[in-house]
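Here is a short briefing to read alongside the model. Have the structure open and follow the topics in turn.

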Amino acid sequence: MRTSTGKTEDDPIDSVDEPAPAAPAARSAGFAVVTRLIVVFVVLAVAGGGVWLVTRASTPEASPTTTEIPALQVKAADVRPGSVAPAGGAVAGGADQQTAPQQAQTRSTTGPATLAQWASQVAGASGVPARALAAYGNAELAMRASQPNCKISWATLAGIGRIESNHGQYAGAVLGADGRPSKPIIGVPLDGSSGVQAIGDTDGGRYDGDASVDRAVGPMQFIPGTWRKWASDGNGDGLGDPQQIDDAALAAARYLCAGGRDMQSPSGWWAGILSYNNSTEYAQKVFGLADGYAKAAQTVRKQG
């Protein structure tokens with residue numbers, strides 16, 4: 001800011017003594033300076049408030065999904081990491097020979113119908129919505145066809161889906177017949193604040209609506225950069241959408257099976273889950289859920 005002498009505030013003070021101005025003039029000049037500072041402060045405050053409002057209004061409403069990982073209401077299983085894998089669930093579709101993924105049978109009258117019937121039966125015993133079960137089961141079948149040595153179970157995917165978004169139902173969302181939640185599931189900004197990672201924007205806001213930092217998206221809570229690598233088409237519509245649960249479940253299954261991992265072995269299962277979220281408590285919670293879902297399906301199979 002320029003002074004009345006034409007110098008900047010950083011200019012050195014002259015060593016030549018000058019006559020001191022009269023006291024009234026000094027008070028008048030001081031008052032003028034203070035007045036100008038107050039006006040500048042008010043203008044900046046108003047302008048700053050306006051910018052804050054615009055930024056706030058342009059930012060998509062974030063659900064606190066990422067701050068609830070692992071979900072607080074889910075009990076962690078009392079099991080030592082790497083010691084055992086969850087119980088094996090009945091093969092999705094209800095029959096061991098049911099190995100063709102849904103997207104490969106979109107014109108068939110038997111494949112999807114069998115999967116839907118199985119999901120409807122297991123939903124009652126497990127508490128997992130049938131539409132979500134169909135997505136998890138379809139992902140298992142797809143991986144059995146493409147990577148049979150992985151042995152990923154729908155029950156493990158269901159455990160992850162429960163913690164990440166309550167099977168696509170987080171914050172009152174309803175999972176539609178098309179596999180999409182009634183409102184997008186978007187996590188909090190990953191800006192390095194307390195409890196969250198710092199991840200700069202990788203998608204220009206394409207998936208999460210935020211062009212400043214990344215946010216986890218969809219029923220399986222993929223970070224946009226990770227989704228771009230593992231994007232999958234689980235429902236056979238030619239698209240990969242992280243908000244669509246068939247796509248998201250298949251992408252999660254592919255991610256867990258990476259590197260030739262055996263998800264049926266204790267070491268492989270724990271390594272896979274910890275790669276998804278490097279938290280022992282998280283893995284123990286997924287374990288408890290997956291084990292319970294698998295045993296519920298086994299009960300249904302015995303009864304059927």
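## Helix packing and selected residues

Helices α4 and α6 pack with their axes 11 Å apart and at an angle of about 110°. Since the range of 65 to 115 degrees counts as roughly perpendicular, α4 is therefore roughly perpendicular to α6. Please keep in mind that this is a predicted model.

**The α4 and α6 pair**

- The crossing of these two helices, α4 and α6, is right-handed.
- On the α4 side, the contact is made by Thr156, Leu157 and Ile160.
- On the α6 side, the residues that meet them are Ala249, Ala252, Ala253 and Leu256.

**Helix α3 on its own**

- Helix α3 covers residues 130-146, which makes 17 residues.
- From its first C-alpha to its last, α3 reaches 24 Å, close to the 24 Å expected at 1.5 Å a residue.
- How much of α3 is covered? Most of this helix is, with 12 of its 17 residues buried.
- The buried residues of α3 run through Ala132, Leu133, Ala134, Ala135, Tyr136 and Gly137, and they also include Asn138, Ala139, Glu140, Leu141, Ala142 and Met143.

**The α3 and α4 pair**

- Helix α4 spans residues 154-165, and its axis comes within 8 Å of the axis of α3.
- The two axes, those of α3 and α4, cross at roughly 135°, so α3 is oblique to α4.
- This crossing of α3 and α4 is right-handed.
- From α3, the residues making the contact are Leu133, Tyr136, Gly137, Ala139 and Glu140.
- From α4, they are Trp154, Leu157, Ala158 and Gly161.
- Leu157 is worth a look in the viewer: it is listed in the contact of α4 with α3, and it is also listed in the contact of α4 with α6.
- Leu133, Tyr136, Gly137, Ala139 and Glu140, which α3 brings to this contact, are also among the buried residues of α3.

**Arginine 162, in α4**

- Arginine 162 has its place in helix α4.
- Is arginine 162 buried or exposed? Its relative accessible area is 16%, so arginine 162 is buried.
- Leaving aside neighbours within four places in sequence, arginine 162 is in contact with Gln73, Val74, His167, Leu289 and Tyr293.

**Tryptophan 230, in α5**

- Tryptophan 230 is found in helix α5, which covers residues 224-230.
- With a relative accessible area of 15%, tryptophan 230 is buried.
- Beyond its neighbours within four places in sequence, tryptophan 230 is in contact with Ala251, Arg254, Tyr255 and Ala258.
- Glycine 240 is 10 residues from tryptophan 230 in sequence, and their C-alpha atoms are 9.3 Å apart in space.

**Two loop residues**

- Glycine 172 lies in the loop between α4 and α5.
- Its relative accessible area is 57%, so glycine 172 counts as exposed.
- Glycine 172 is in contact with Ser182 and Lys183, leaving aside neighbours within four places in sequence.
- Lysine 183 is 11 residues from glycine 172 along the chain, and their C-alpha atoms are separated by 8.7 Å.
- Serine 265 is found in the loop between α6 (245-256) and α7 (266-276).
- Serine 265 counts as buried because its relative accessibility is 18%, and buried means under 20%.
- A polar atom of the serine 265 side chain lies 3.0 Å from the backbone oxygen of aspartate 262.

How values were computed:
Residues numbered from 1 in each chain as written. Predicted model: local features only at pLDDT ≥ 70, side-chain atom pairs only at ≥ 80, totals over all residues. Heavy atoms only, no water. Helix = DSSP H or I, 4+ residues; strand = E, 2+ residues; numbered from the N terminus. Expected span 1.5 Å × (residues − 1). Buried < 20%, exposed > 50% of the residue type's maximum accessible area, 1.4 Å probe, protein only. Polar contact = N/O pair within 3.5 Å; in protein donor to acceptor, adjacent residues only side chain to side chain. Axes fitted to C-alpha atoms, helices over the stretch in contact; angles between N-to-C directions. Parallel < 35°, antiparallel > 145°, perpendicular 65-115°, else oblique. Left-handed = near helix turned anticlockwise from the far one by under 90°. Contact = heavy atoms within 4.5 Å.
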